[in-house]
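Have the sequence and the 3D view open as you read.

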Amino acid sequence: VYVLLLGLFLQACNDIPQTLTEREILTSLLGYFSDKPDLQLDTLEKVQLENGWRYKIKYLSEPADTVLHTPDDWIYAYLFVPNHKQGEKLPAFVAIHQDGTSMYFDVGKDEPAGLGGDSTMRYGLDLYNRGYVVICPDRYYHAERRNFNKNPWYDFSKPDYQRDYSLWDNQVGVLMLRGQSHYSKEAYDQSRAVDVLYTLGYVDKDKIGSIGHSAGGVATAYFMFYDTRVSLDVSACGVYDIKRAFDYKMPQPFPALMALPRLTKEGYTTADYIRHIYPRSLIITRGMYEWGKDDEDSEDFIIEMENFKKSYLSAGNEGDIITIAFDEDGGGHIFPKNVKEKVYRLIDERFKK
């Protein structure tokens, strides 16, 4: 009887019900995921390109919150559609932008779409030119989504890192009050991009991928974990171990909004999310000297990437994971041309059979 009562007491004290599967536990640690409202998809602009069309669209992420008085949360995106035959099914990608050149948050979706920002990060446009339907959405604290509450006293005509970071910090506070996190919001929003792709009759629903660099590459991993409709992911200099990032031995402090509450308390790491992507295809790239040639933490990134691979493969031997460590152009926090071309060939091999 004592043993039974002790067991019931310990279970009652546990934050997570014991009946949940590991995947359900990991999902709960990411944060709350709200029910999806209707997309309310609108086309704002249509531009003819040499090999197809580019649309500027908006669609509803989450409805207004009457408790915190937040407005409807609209996602703005570019949608690239190659010319295609009647009835033809095309593979598609969600192209997720990084945090922007010099950490400014004003560029957003324009960068992967080839309309601004770093010319080496136009992977959305590149994939369109290779025959893929591509959607490039603004992440929740970037470009047309920065002024979430439409405060009239903010002037967005010029980049301002401190202003945009403060607005991001405020949005994360809203997420936390709702039981969400930075990562659950990223995963949920990118999943809405897949909802858009699912409305398009010319998209092959069995061949939907995601690609992102840096912070965009971090978002792709949790997005793919959450949304099992995505069958291939490219994380370029992106996904990292949250546990290591917040280790006090790290030379660079990470902001609290990029933590996952209770992750280590429950005994998990980022590698557990990677394992649950199995057996879907995963490509991870890393520069060999992202923190500089004289910094041992650059080596830790490479070791960490291989640990992700081991975790993924521990789920079985029928998976498809490729890790690429490069020293091209100094091996920094970049997506160099030759690495991109290798990644594109790997994508073609999987989606154009």
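Predicted model: local features only at pLDDT ≥ 70, side-chain atom pairs only at ≥ 80, totals over all residues.

Residues are numbered from 1 along each chain as its sequence is written, and side-chain values use heavy atoms, with hydrogens and water left out.

**The core**

Let's begin inside. The largest nonpolar core contains 38 residues, and Tyr59, Leu79, Val133, Ile135 and Leu197 have the most contacts inside it. Such a core is a set of buried Ala, Val, Leu, Ile, Met, Phe, Trp, Tyr and Cys residues joined through side-chain atoms within 4.5 Å. Buried means under 20% relative accessible area, exposed means over 50%, and partly exposed is in between (1.4 Å probe, protein chains only). Contact means heavy atoms within 4.5 Å. Leaving out residues up to four places away in sequence, tyrosine 59 touches a list that includes Leu39, Trp74, Ile75, Ile135 and Val196.

**Aromatic rings**

The whole structure holds 20 aromatic pairs. Rings of Phe, Tyr and Trp (its six-membered ring) pair if their centres lie within 6.5 Å; planes under 30 degrees apart are stacked, over 60 edge-to-face, and the rest tilted. One of the pairs joins phenylalanine 93 and phenylalanine 351, which are tilted, with 5.7 Å centre to centre and 55 degrees between the planes. Phenylalanine 93 lies in strand E4 (residues 90-96) and phenylalanine 351 in helix H10 (residues 337-351), so this pair ties together parts 258 residues apart in sequence. Helices (H or I, at least four residues) and strands (E, at least two) are DSSP runs numbered from the N terminus. Both phenylalanine 93 and phenylalanine 351 are buried. Elsewhere, Phe105, Tyr140, Tyr141, Tyr161, Tyr165 and Trp168 make up one aromatic cluster.

A charge counts as over a ring if NZ of Lys or CZ of Arg is within 6 Å of the ring centre and within 35 degrees of the ring normal.

| Arginine | Ring | Distance to ring centre |
|---|---|---|
| Arginine 23 | Phenylalanine 225 | 4.4 Å |
| Arginine 286 | Phenylalanine 301 | 4.1 Å |

**A cavity**

On a 1 Å grid over the protein atoms alone, a cavity is a set of points where a 1.4 Å probe fits but cannot get out, and lining residues have an atom within 4 Å of a point. Grid points are joined across faces, edges and corners, and a volume is the space filled by probe spheres set on the points. The largest cavity holds about 70 Å³. Its lining includes Glu62, Asp73, Tyr140 and Lys185, and helix H4 (residues 161-178) gives the largest share of that lining, four residues.

**Backbone details**

Some loops deserve a look too. The peptide bond from tyrosine 278 to proline 279 is cis, with omega near 0 degrees, and proline 279 lies in the loop between helix H8 (270-275) and strand E8 (281-287).

Cysteine 237 has a phi near 50 degrees, a positive value in a residue other than glycine. Cysteine 237 is buried, with a relative accessible area of 1%. Aspartate 329 also has a positive phi, about 55 degrees, although it is not a glycine. Aspartate 329 lies in the loop between E9 and H10 and counts as exposed at 62% relative accessibility.

Note on methods: 1 Å grid on protein atoms, 1.4 Å probe; cavity = no way out; pocket = protein on both sides within 12 Å on 5 of 7 lines; lining within 4 Å.
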